[in-house]
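Visitor: Could you walk me through how an annotated site is read in a model such as this?

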Amino acid sequence: MTGKIVAVFDFDKTIIDLDSDNWVIDELGATELFNQLLPTMPWNSLMDRMMKELHSQGKTIEDIEEVLKRVPIHPRIIPAIKSAHALGCELRILSDANMFFIETILNHLGLKDYFSEINTNPSFVDEEGRLRILPYHDFTTSSHGCSLCPPNMCKGLIIERIQASLAKEGNKKKMIYLGDGSGDYCPSLKLKEDDHVMPRKNFPLWNLIFSNPIQIKAEIHEWTDGEELEKVLLQIINKISLEEDEEGKSTCDAQLLSASDCKLQIISASAHEALPQALSVPQ
């Protein structure tokens with residue numbers, strides 16, 4: 001039954017316990033320059049610029065990888081992801097970090113194969129060995145049109161695309177969205193009544209949701225750390241599974257009742273063969 005659940009995770013401060021961009025900048029000693037440049041350009045563009053600065057200072061891709069492998073993560077996050085996957089949930093990531101950071105961390109943690117899709121800002125290592133970070137949405141050519149989201153990524157649009165692709169497959173899947181930041185508010189607004197949203201307590205998403213909870217159609221479940229994330233996530237999966245079982249049982253009971261009615265009508269018809277009209281059998 002849990003094959004009917006899609007769990008969509010934010011990455012920074014949800015799967016890992018901090019912001020991967022800040023972690024790399026701080027660990028490689030570039031915080032001061034980062035803070036100087038931050039007011040002058042969008043975050044995503046600044047990260048690409050910082051990778052150029054780090055490269056010019058002699059920092060290598062291997063240096064960045066080593067920093068990413070040291071990223072702090074709550075010990076219950078890995079079992080939570082593995083348990084949700086084992087229960088048949090489809091797991092996806094929706095993050096405003098970048099593909100190189102996310103894949104490096106997931107590979108190091110042995111988690112990459114548990115996710116069917118990673119939606120994030122593209123990145124690649126160029127011929128000079130410098131990491132390039134690009135916007136998910138190329139805002140230099142057009143705007144995604146959402147005032148709630150940063151110019152490089154509207155997570156709400158991506159959630160709508162996922163919803164549309166699930167509908168096209170004919171799957172009435174329920175979605176669980178887990179996040180913490182203000183960028184997770186737009187996708188939370190797109191969730192439907194049968195869906196669930198898990199905002200991290202006292203983080204921007206939680207504050208936005210509880211400032212006006214009537215805006216959210218999905219069921220809201222707060223969490224504080226990895227231990228609570230695991231507990232709440234598995235409770236939701238269990239609840240959905242029980243509901244699916246009940247729906248299946250009700251359908252089965254209705255079908256059995258219908259079959260029973262048919263049988264009674266057939267018996268009734270044979271007992272009254274003298275009647276000129278045939279009894280209609282309900283389909």
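Guide: What follows goes from the annotated residues to their surroundings. This is a predicted model, in which local features need pLDDT of at least 70 and side-chain atom pairs count only at pLDDT 80 or more, while totals for chains, interfaces and linings use all residues. Residues are numbered from 1 along each chain as its sequence is written, and side-chain values use heavy atoms, with hydrogens and water left out.

Visitor: Where does UniProt place the feature "binding site"?

Guide: UniProt positions are in the numbering used here, with shortened feature names, and may be inferred rather than shown by experiment. The unreviewed entry places this feature at Asp10, Asp12 and Asp180. They span 171 residues in sequence, yet no two of their C-alpha atoms are more than 8.3 Å apart, so they gather at one spot.

Visitor: Is Asp12 buried or exposed?

Guide: Buried means under 20% relative accessible area, exposed over 50%, and partly exposed in between (1.4 Å probe, protein chains only). Asp12, at 9% relative accessibility, counts as buried, and Asp180, at 6%, also counts as buried.

Visitor: Which residues does Asp180 contact, leaving aside neighbours within four places in sequence?

Guide: Contact means heavy atoms within 4.5 Å. With those neighbours left aside, Asp180 is in contact with Asp10, Asp12, Lys13, Thr14, Arg200, Phe203, Pro204 and Leu205. A polar contact is a pair of N or O atoms within 3.5 Å; within protein, one must be able to donate a hydrogen and the other to accept it, and residues adjacent in sequence count only if both atoms are side-chain atoms. The side chains of Asp180 and Thr14 make such a polar contact at 3.2 Å.
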